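Trainee: Could you take me through one part of this model closely, and then show me how its surroundings are put together?

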Amino acid sequence: MMRALYSGVSGLKTHQTKMDVIGNNIANVNTVAFKSSSTTFSDIMYQNISNASGATANKGGVNMKQIGLGVTTGSTSVNISTPGSTQTTGDGWDLRITGDSFFIVNNGKENLFTKAGAFYIDGSGTLTTKATGYNVMGWQVDTTTGTIRKDTVSPLRIMTGTNLTSPPEATTEANCSGVLDKNNVQINSDDGYIMSLTFYDALGYSYSAKFAVKTADVDTLTYTVELTDILDANNHSILKDYLEADPVNNTMTNIFGEPTNVRRSYNLAGNFTYDGTNFRDAEGEVLTYDDANKKFKTAAGVEYSVTSMFGISDKQAEDFTFPSDRITQNGTSAVYSYTETVYGYRLDFKEDEPDGGTFQWVGQEGSDSVTLKMSALGGEFRNINVDFSESQCYDNGKNCTLGLDKGDVTGLKGLGRRLGSMTGVEVAENGEIYGSYDNGTRRLLGQIAVTTFPNPAGLEKLGENCYQQTLNSGDFDGIGQDITADGGKMSSGVLEMSNVDLATEFTEMITTQRGFQANSRIITTSDSLLEELVNLKR
């Protein structure tokens, strides 16, 4: 009778323990990344009234007689492998982790582990947990290679002075693309068609290099690209400063190399004709040349300027002579040619192709690019390789779209950039943290490391959403792993919620209540039996 009484007591205690676990589960139904627990019971021990006997020749065997002495809590298990639902927060530092991995955090004394990815950047620029301020652990960037160095985990200090800015870079590549039209007015003018290249020195200061594209030989689609000026951000000519600082040693040759002799050609304009000896106007009147005034005129005194007949500038007209080897015949027309020494690059297009006007070479035959020797200017300037392979020469309605841009033809290399300020931070699916800067760069700042355990259910719950390794969970190696190693990932702007299932918990609560109620009946019934026993003596 007393055995039944104490069995009932053990039943009450055990069901109370189960109710405590259910209560804790329900209390944490909205706790970030909380993992629910469950309870299992086991019987305690048994008292043998008689032992079992074996069969003999005369009679059979008898089983042992045992009376149980109650129940106890066999185990409490954490449902750690079942993920909770996803809650969208919009905070980029809120991270949901998938798979069997755990975040690694440090409380200042030891490494702990958590599924709760509610993080933020604290006042020192370190990634920490919002609730406790524990440091989030990960791997740092190797300053030499710019890649992640996967060694012992350490706190991720993201907002350092170095990371808040992106260093400047000098422009080392440029490209020239677009369409050049030989009939463009600027191309055939004294100043030429102007192009501008904005570039950076190694300190991130911006400069503009001005270039003039001029016709060298319109019939062979040959042109020159000449440097006319280099201006700083205040439109001050640093090229002029360079040339004037030391006229003997500082020359254009240092920047462009040796000067080029270019034969420029201009076709006879309008309805003028040339018979090999005489020019004639539209009425066929013979024109005689007045060298003093640089004009042609008819016997009747009608005058035509050299500039109007050939479309040349006044400066070029000053050197015009006739007759001379500068005038060559092309059918009934004429071409005015002269040789000019320029500091620039010769730009040739293929004229013998069916469509004509595709790029042939620049600087020298077989070359797609030329090098501007900007380093000759001293300071933080770097040489710039300019690729002309994407330039074309076609009829474009007398419009030129030819232009210069920073970077190679892909637009990705050698761009150069000014000093950049951080504008944002993002976390990739593999835990890599990248900073974005207003100079167009994106830089790797670190990587959040994770870890797994052979028996994650064996971890000890410490509260504050943290776990601690135990003898039965397996050990953390101090290094961790990339979350993608086991097929997991990190999602930014979302959190994992509790995996508590209220329907299951309420059902368990009902069965626990009934079990507690039944065990209480054992006690009251045993009490009634004891009362009857006492009442035998009146």
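Mentor: Let's start at Tyr289, which stands opposite Phe296 in strand β22. Strand β22 (residues 295-297) pairs with strand β21 (residues 286-290) in the antiparallel sense, over 3 bridges. Strands here are DSSP runs of E with at least two residues, and helices are runs of H or I with at least four, both numbered from the N terminus; two strands pair if DSSP finds at least two bridges between them. This is a predicted model, in which local features need pLDDT of at least 70 and side-chain atom pairs count only at pLDDT 80 or more, while totals for chains, interfaces and linings use all residues. Residues are numbered from 1 along each chain as its sequence is written, and side-chain values use heavy atoms, with hydrogens and water left out.

The turn of this hairpin has 4 residues between β21 and β22, and in it Lys294 has a positive phi of about 55 degrees. On its other side, β21 takes part in a second hairpin. Strand β20 (residues 279-280) pairs with β21 over 2 bridges, again in the antiparallel sense, and Phe279 stands opposite Leu287 in β21. There are 5 residues between those strands, and Gly284 takes a positive phi near 85 degrees.

Now look at the rings. Tyr289 and Phe296 belong to a cluster joined by ring pairs, together with Tyr274, Phe279, Phe310, Phe320 and Tyr336. Rings of Phe, Tyr and Trp (its six-membered ring) pair if their centres lie within 6.5 Å; planes under 30 degrees apart count as stacked, over 60 as edge-to-face and the rest as tilted. The structure holds 20 aromatic pairs. One of them joins Phe102 and Tyr467, with centres 5.8 Å apart and planes at 70 degrees, so this pair is edge-to-face. Phe102 lies in strand β7 (residues 102-106) and Tyr467 in strand β36 (residues 466-468), 365 residues apart, so to speak a link between distant parts of the chain. Both Phe102 and Tyr467 are buried, where buried means under 20% relative accessible area, exposed over 50% and partly exposed in between (1.4 Å probe, protein chains only).

Next comes an open sheet of 3 strands, in the order β18-β25-β24 and with antiparallel pairing. β18 (260-267) and β24 (327-330) stand at its edges with a single partner strand each, so one side of each has no neighbour in the sheet. β18 is joined by 8 bridges to β25 (residues 333-342), and the bridge partner of Thr260 in β25 is Val342.

Finally, consider strand β26 (residues 344-350), which is mostly covered, with 5 of its 7 residues buried. β26 pairs in the antiparallel sense with strand β17 (residues 222-231) over 5 bridges, and Thr224 stands opposite Arg346 in β26. Another 4 bridges join β26 to strand β27 (residues 358-362), and these two run antiparallel. In β27, Val362 is the bridge partner of Leu347.
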